[in-house]
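Subject: Structure for you to look at

Hello,

Here is the structure I said I would pass on. My notes follow below it.

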Amino acid sequence: MLGRTANGLYWMFRYIERAENSARLIDAGLRMSLTRSEAAEDDWDGVLQSADVRELYDQVHEGLTSGDAIDFLLRDRTNPSSVMSCIEAGRNNARMVRTALTRETWEAINECWIEMKGSLARRAKTTDMPEIIDTIKRRAGLIRGAFHGTMLRNEIFNFSRIGTFIERADNTARILDVKYYVLLPAVSAVGSSMDNVQWESILRSVSAHRSYGWVYDAELRPANIADFLIANGRMPRSLAYCYDKLVSNLGYLAREYGERHAAHETAEQTLGLLRSQSIAEIMDQGLHQYLKEFINQNNRLGREISDGYRFYQ
Amino acid sequence: MINADSSPRQPYSTYHQWYASQDRNRLIAKSKEAEKIFRKTGITFAVYGHADSSEKLIPFDLIPRIISGREWRRLAQGIEQRVIALNAFLDDIYHKQEIIRAGRIPRELVEKNDTFLPQMIGFRPPGGVYTHIVGTDIVRTGEDQYYVLEDNARTPSGVSYMLENRETMMQMFPELFHQNRVRPVENYPNLLRQSLSSLAPAGCEGRPRVAVLTPGIYNSAFYEHAFLADMMGVELVEGSDLRVIDGRVKMRTTRGYEAIDVLYRRVDDDFLDPLTFRPDSALGIPGIMDVYRAGNITIANAPGTGISDDKAIYSYMPEIVEFYTGRKPLLENVPTWRCSEPESLKYVLEHLAELVVKEVHGSGGYGMLVGPTATKKECAAFAEKLKSRPGNYIAQPTLSLSTVPIMVNKGIAPRHVDLRPYVLVSDKVQIIPGGLTRVALKEGSLVVNSSQGGGTKDTWVLED
């Protein structure tokens, strides 16, 4: 496969993952602002930070309002992580690697782009938001379904999955870091209904507010949330799950190519740590520090994969 | 579709019955459905020079153009004869030049032509094939009366529309394909791959590695390049993916550099090799011409084939066909005035309002004058252009093209069409039954180019 094609697949799936993530963050933000009467701007500050676009936002907008924040996350082309930017970048990559995709997968992303271009042509009204968020999630689901249902499990599949999970691990770590950091001073106050909304928003940002209850007590506890998002191997957006998938997809590539790269060592080492360290140990060494290191390491893994498999644009 | 006595023409009889039984609203809904299918599949093209040049659809008309098996056989024989002559001509002018020595074609017309590549002199491509893929543009003026408009021996496009039009028709009206015995076109990508593979360089071991070379996603025909690579199951590459290493053309893969045996290029000669041709080309591969001349890669179509479909050479096609096949051409050439000849120029200037004037190297319907529909002012302006560079133009009479029906708001209406059958050349000549029918959607218009508001139709050749 061309190194350019592998790169295109990897980024196509990173962008699709990011689009969905941005939509989920908006969803969580909207939810919070519905259940609070004041200081909604602070919530959007947290959302923008989770999406890693807080500074970029300030370059475009004067002050922080929920309307501007939503628009910035949803459709601003100057924000490379906005839903529309991501869908467009994902679709452009798909167009370039068209020959590596099944017709179903290509049509799913192309139709997603056609529909979103239409519904995001103008600034969205608050009343339209639930429907828009829903459409993005449904479209992303259709892409995923077409991809899983029709693609041959070969190197094309592996590079696509690697893109998905590098992006997802980054997103989850970032959400946990920002939110947790913001909330930590209030840990002592856990239990009040207001804080429950805040904690729940973390789970909502990763579509895990229901499943959390199946695994832990109904009560939201900081350590359990961290455990769920970092170490739970069954939770599809947890760091441990992402790395389990990264290791297995890299493993298929190693067997097919008959060679291993630095990326294999890095991914396996990280997975080992995610499995062996207890959440108490992580909390002791400092969650913020831990997540910061994780994000750096995840970026390094991305570069190692890119080097090992000769990606280029 | 209809004879003068208002009975349906024979190949249309079954279709006509079906059409008469259709609810018009259903057909209009189907028309919209077709558009949706094309858009979601991404069968779009970019129009150069438009501000919003993002992505446009070529209008699709859902009434098929139907050709009887008998008429097709005669047509196919004529095309085959012509394609064989084209290859023989190319081989000759890059070797012994017997046709020039026999005085049938002026030497300067060949050797001073920009499309004649001195780099090809004395070189014979693998299998002796120059034009692997040809798209002969043909118009019909009446029963068994066909004229060749152009030979398109460089990189003819549009074959993806032929395939997608059929696919769409089969999806929307399966019953029509039970009622009519339509010869299939779907195996074109397989035939193309086989044909290309069979002409791999002599030293190639194992299964030849084929790739399609595209200028990239911003090219107007990118969809087609991706489509063909996909359907053939071969790599789609850009110039920047390729490099000449150790005398081979290699592509940058996830495993390192891997050699290519056959390159189906969809970039023009000029851009193919910046070391040999245009030094500013970013689309090509530096040094590929050396690899080619050393016999280590097959390029389809061969560089330098442009000389054979040059519009000035076109006017000599009857002589060319006769010279190499020893027979009279089966297909007519449109009478052509070469404006480089003073007497012809005089005639053309005097009869501008009756003629179609084209640029010798033009394509896509750009830079031409259609006399009968042009205003006096347009004719006068064109006359000035003609006088300043006569050698740049040829002129042809407007033919009374036959029409086929299309769906319009008020029912059906006749429109002018042309036909581009696709021909594959290897050790044999294979002609796909059918081809691309382009239709001038504007009433009375003769210009069928998609860049000028033309549309397409599915083209059926019936078994009989």
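In chain B, an open sheet of 4 strands runs in the order 6-5-10-11, with parallel pairing. Strands here are DSSP runs (E, at least two residues) numbered from the N terminus, and two of them pair if DSSP finds at least two bridges between them. Strand 6 (235-237) and strand 11 (298-300) of chain B are at the edges with a single partner strand each, so one side of each has no neighbour in the sheet. From one strand to the next the twist averages 25°, with axes fitted as lines to C-alpha atoms and angles running from 0 to 180 degrees between N-to-C directions.

This is a predicted model: local features need pLDDT of at least 70, side-chain atom pairs count only at pLDDT 80 or more, and totals for chains, interfaces and linings use all residues. Residues are numbered from 1 along each chain as its sequence is written, while chains are lettered from A and ligands numbered from 1 in the order in which they are written.

Within the sheet, strand 10 (residues 262-265) of chain B pairs with strand 11 of chain B in the parallel sense, over 3 bridges. Leu263(B) is opposite Ile299(B), which lies in strand 11 of chain B.

Chain A has 15 helices and 0 strands; helices are DSSP runs of H or I, at least four residues. The C-alpha trace of chain A spans about 55 × 50 × 35 Å along its principal axes. Of its 313 residues, 49% count as buried (20 or more other C-beta atoms within 10 Å of the residue's own, with C-beta atoms placed from the backbone).

Regards

Key: Buried ≥ 20, exposed ≤ 12 C-beta atoms within 10 Å, placed from the backbone.
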